[in-house]
Amino acid sequence: MVLQHTQNVNKELCGELSRCYRKFQNLKKRIERAPWTLAKQTKKMRSRPLTLNLKEKGIYTANSRKLAHILLRAGCAQRRIGGLIQLLGQSLGVQVRGRMSAHTIRRIAHEGGHASDLQLAYEMSRSLSFTISGDATTNRAVNYEARHILFNLSTPGTPHTSSPLVHNCLLGVDSSLDHTSESQAQGWTSKLGELVRVYNESPLAKRRGEQLDLEGCALKLTGMGGDHAADQIKTHGLIACWKKEMTYRFLARNHLGDKEKASGMLEKLIKDALSAAIQASGGSATWSVLSSEAQVAAYVEQLNAATTQLGKALYEQLPADKKHPLDLFMRLGCAMHKDLNSVKGGNSSMASAWGELRATPPVLLANKENASTLRDVSLDTIAAAASLLSTEDLTAAELRALESSTRGGVKLASLAGALFNHKDNKKGHHDTYAFYFQEIVAAAELLVNRHHYLRFLEVVRDRKEHPGFNHMEENVYRALQDIPSLTELAVLALYGQSVSHHYLRTARVQQNGLKLGMFHQQLKTAAFGGEDWERSEVITAVLELAPQLPHLKDILVAFLKGALRTWERFTTEFAEGGAIDLASDAELDRAYLLPTNDHNEGALGSYRLWSRRFPNGSQAYYNALAKFFRNGTAEFMETHLCTEEDQRHLRRVGHERDSSGHERARRKAHAAHSIAVALQHAEADHEKQEKVDTEMARLCAVDLILDVEALAQLTNWVLDEQLEVYRKREEDPVVPMKTKAKRKQEKLEALEGAIARYRTSFPV
């Protein structure tokens with residue numbers, strides 16, 4: 001048995017050895033044939049072009065969509081991208097299957113816009129806090145608002161000594177029906193509500209198992225940035241009130257969600273809200289005839305009001321240390337506007353200083369029409385009138401021309417900008433100016449290169465077919481040789497070198513603007529560090545010119561005093577005892593706000609340029625592209641929206657947005673609003689005119705009292721009525737308004753004068 005087993009095993013091993021030998025021989029032959037096979041396949045592949053399929057199962061792939069976004073960012077037109085991809089493939093020896101149409105490209109752009117909205121909502125859900133900022137402008141008579149959200153993405157427990165991790169994202173540039181604070185606040189709340197809705201409907205939220213709510217997002221809102229306009233300050237107050245209301249609802253919702261504390265309160269709240277809705281509608285009979293949608297709307301309104309009242313009661317019961325984090329909502333004004341307004345304030349004081357010094361002011365730089373009116377007026381008379389010393393020698397037309405004309409360093413700089421670099425390429429000297437100053441090493445700055453500018457203007461004058469200055473050239477030429485104008489120019493240059501450049505260089509760094517309180521205090525006390533001048537040649541030029549400027553010191557002091565007053569007015573948010581001053585470092589980090597509003601102003605400027613280049617482009621399309629590129633949405637999609645379910649969702653939403661007629665609806669809403677406002681104004685004017693006609697009819701029925709001796713016996717009411725008759729019916733321009741003649745003696749004197757003029761015009 002053992003021998004038999006051994007023989008069987010030996011036989012199997014011999015068979016295995018034989019198979020291994022054959023396999024070895026086959027592999028050896030294949031290795032020998034490998035170079036020939038490789039050459040054959042290479043030749044075959046070279047004869048057959050490579051193929052790139054843009055579609056998979058009839059749908060453009062994620063990589064194809066990414067390529068489309070890259071080409072859109074490079075500035076390619078929608079209708080050109082399909083052909084460009086084909087051309088690129090042909091250049092690389094790749095056969096591209098599938099050609100994207102302009103319609104497809106537009107939908108891909110909208111998909112990117114929706115992905116950016118998801119990104120904003122996702123970062124809102126995971127951020128410790130966020131702040132908002134905005135700005136507005138008009139373009140082609142339509143108001144536009146730019147909005148940004150800055151997320152504080154620092155992880156809990158991060159030391160406050162380190163700089164927070166922040167991400168400033170564009171929310172969009174949107175047109176608004178008007179520029180009121182109420183519309184701006186409503187726009188913000190609508191935008192935040194839309195982000196919440198978009199996120200809750202996405203596969204990303206379902207996959208993460210979370211839902212956003214507007215109340216929770218409002219609690220994370222800790223600050224708002226903008227400019228210093230009154231409407232922006234009011235908008236901040238309205239947003240603060242909205243946040244307070246959302247805080248009340250948040251507290252009430254959490255309280256009602258606690259079964260031990262609620263104990264039937266939710267049922268009572270619902271019942272009371274329904275009863276209040278029925279009562280507000282006019283009773284059960286009226287309620288029963290309302291549609292289901294109207295009933296739901298009325299019920300929700302009353303339920304929200306009841307919830308808010310409950311939350312307010314809960315808020316009032318909280319201790320102060322619990323209320324403070326809920327109330328955190330800072331405001332910061334743009335640093336660029338602070339400096340701009342300080343220059344305006346300084347310039348106003350500088351202009352007034354000439355009269356206080358009783359010195360000759362800068363030469364008048366009137367426009368062509370006003371210059372013609374003032375042509376026969378002596379320079380001494382103009383100087384006296386400008387210094388408010390005497391206006392008796394001027395006619396009414398000459399006085400109006402003088403009051404509407406300006407002078408000084410700011411006007412000179414403005415005229416020089418219009419002359420040498422006008423925004424209209426058909427006006428100014430542009431290339432002539434550039435060619436002439438190519439030989440000058442120093443920068444073309446009015447004070448430093450004054451003599452070069454004078455020589456350039458002379459060249460411009462003499463090279464004409466009929467040598468001579470036009471009106472603007474003559475104004476600039478005279479001002480560059482006028483001592484008071486040069487004095488103001490020197491003051492502006494000194495202020496820029498000593499204050500503005502240093503301030504803006506510090507403020508424009510990305511940092512938390514709320515922590516610049518000490519910096520602003522140093523600015524107002526002139527405690528800046530000893531840094532180099534921005535342009536030392538400016539200081540040298542001023543020092544060389546100073547002996548010729550007798551009022552330089554006085555005008556500089558006046559300018560600085562006016563600038564300081566303006567700085568005090570525009571830095572009130574940093575005042576001692578204010579919200580920023582009393583906040584801790586941790587709270588300032590939570591309310592992180594950028595020092596400037598450049599990002600919003602830049603967004604508005606970008607949209608204006610884009611709309612000029614693409615006048616038929618839709619606002620939603622621009623926002624989709626701008627948000628996708630500026631917010632880094634491509635990286636977010638690769639990380640968080642990479643599943644097939646996410647891609648399917650994006651394609652569906654892109655299709656819906658593209659076919660929704662959003663641009664037509666936007667333009668229709670603006671047209672309807674314009675018509676409604678016009679009708680409202682027309683109705684108001686009609687009512688006003690009716691009142692005027694009624695008043696005039698009443699005055700026409702009043703008999704004039706021409707007996708001066710009887711006036712003393714009249715009451716004040718009758719005297720006022722007689723004065724109104726002379727002023728409105730008889731159109732006597734000398735009769736004062738009722739508010740200007742309050743005492744009886746003043747009324748009698750005015751009426752006596754009116755009677756005398758009436759008798760002169762209509763002798764009895």
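The paragraphs below lead through this predicted model, from its overall make-up to some of its details.

Local features are described only where pLDDT is at least 70, and side-chain atom pairs count only at pLDDT 80 or more, while totals for chains, interfaces and linings use all residues. Residues are numbered from 1 along each chain as its sequence is written, and side-chain values use heavy atoms, with hydrogens and water left out.

The protein has 34 helices and eleven strands, where helices (H or I, at least four residues) and strands (E, at least two) are DSSP runs numbered from the N terminus. There are 764 residues in the protein, and 41% of them count as buried; buried means under 20% relative accessible area, exposed means over 50%, and partly exposed lies in between, with a 1.4 Å probe and protein chains only. The accessible surface comes to about 43700 Å², and carbon and sulfur atoms hold 55% of that surface, as computed by the Shrake-Rupley method with a 1.4 Å probe, where for residues only the protein chains shown count as cover. Among the contacts with a separation of 6 or more, 74% are between residues 24 or more positions apart, a contact being heavy atoms within 4.5 Å.

The aromatic side chains come next. A pair of aromatic rings is described by the distance of the centres and the angle of the planes. Rings of Phe, Tyr and Trp (its six-membered ring) pair if their centres lie within 6.5 Å, and planes under 30 degrees apart count as stacked, over 60 as edge-to-face and the rest as tilted. In the whole structure, a search finds 15 aromatic pairs. In one of them, the ring centres of Tyr-144 and Tyr-607 are 4.9 Å apart and the planes stand at 45°, so this pair is tilted. Tyr-144 belongs to strand β6 (residues 142–152) and Tyr-607 to helix α28 (residues 598–613), so that the pair links distant parts of the chain, 463 residues apart. Tyr-144 is buried at a relative accessible area of 7%, and Tyr-607 is buried as well, at 4%. Another pair joins Tyr-726 and Tyr-758, whose ring centres are 6.0 Å apart with planes at 75°, so it is edge-to-face. Tyr-726 lies in helix α33 (residues 716–729) and Tyr-758 in helix α34 (residues 744–761), so this pair ties together parts that are 32 residues apart in sequence. Tyr-726 is buried, with a relative accessible area of 1%. Tyr-144 and Tyr-607 also belong to one aromatic cluster, together with Trp-610, Phe-614, Tyr-621 and Tyr-622.

Some rings have a charged group over them, which is counted if NZ of Lys or CZ of Arg is within 6 Å of the ring centre and within 35 degrees of the ring normal. The charged end of Arg-147 sits over the ring of Trp-188, 5.5 Å from its centre, and Lys-323 lies over the face of Tyr-315, at 5.2 Å from the ring centre.

Empty space can be examined too. Rolling a probe the size of a water molecule over the atoms shows where empty space is left. On a 1 Å grid over the protein atoms alone, a cavity is a set of points where a 1.4 Å probe fits but cannot get out, whereas a pocket is an open set with protein on both sides within 12 Å along at least five of seven lines, and lining residues have an atom within 4 Å of a point. Grid points are joined across faces, edges and corners, and a volume is the space filled by probe spheres set on the points. The largest pocket holds about 1100 Å³ of space, and 39 residues line it, with Asp-174, Lys-191, Glu-194, Gln-619 and Asn-623 nearest its centre. Helix α5 (181–200) is one of the elements giving two or more residues to this lining, and α5 supplies the largest share, nine residues. The structure also holds five cavities of 30 Å³ or more, and the largest cavity has a volume of about 120 Å³. Its lining has 17 residues, of which Ser-133, Gly-225, Leu-593, Leu-594 and His-599 lie nearest the centre.

Most residues other than glycine have a negative phi, and most peptide bonds are trans. Lys-57, although not a glycine, has a positive phi of about 55°; Lys-57 lies in the loop between β2 (55–56) and β3 (59–60) and is exposed, at 81% relative accessible area. Arg-140 also has a positive phi of about 55°.
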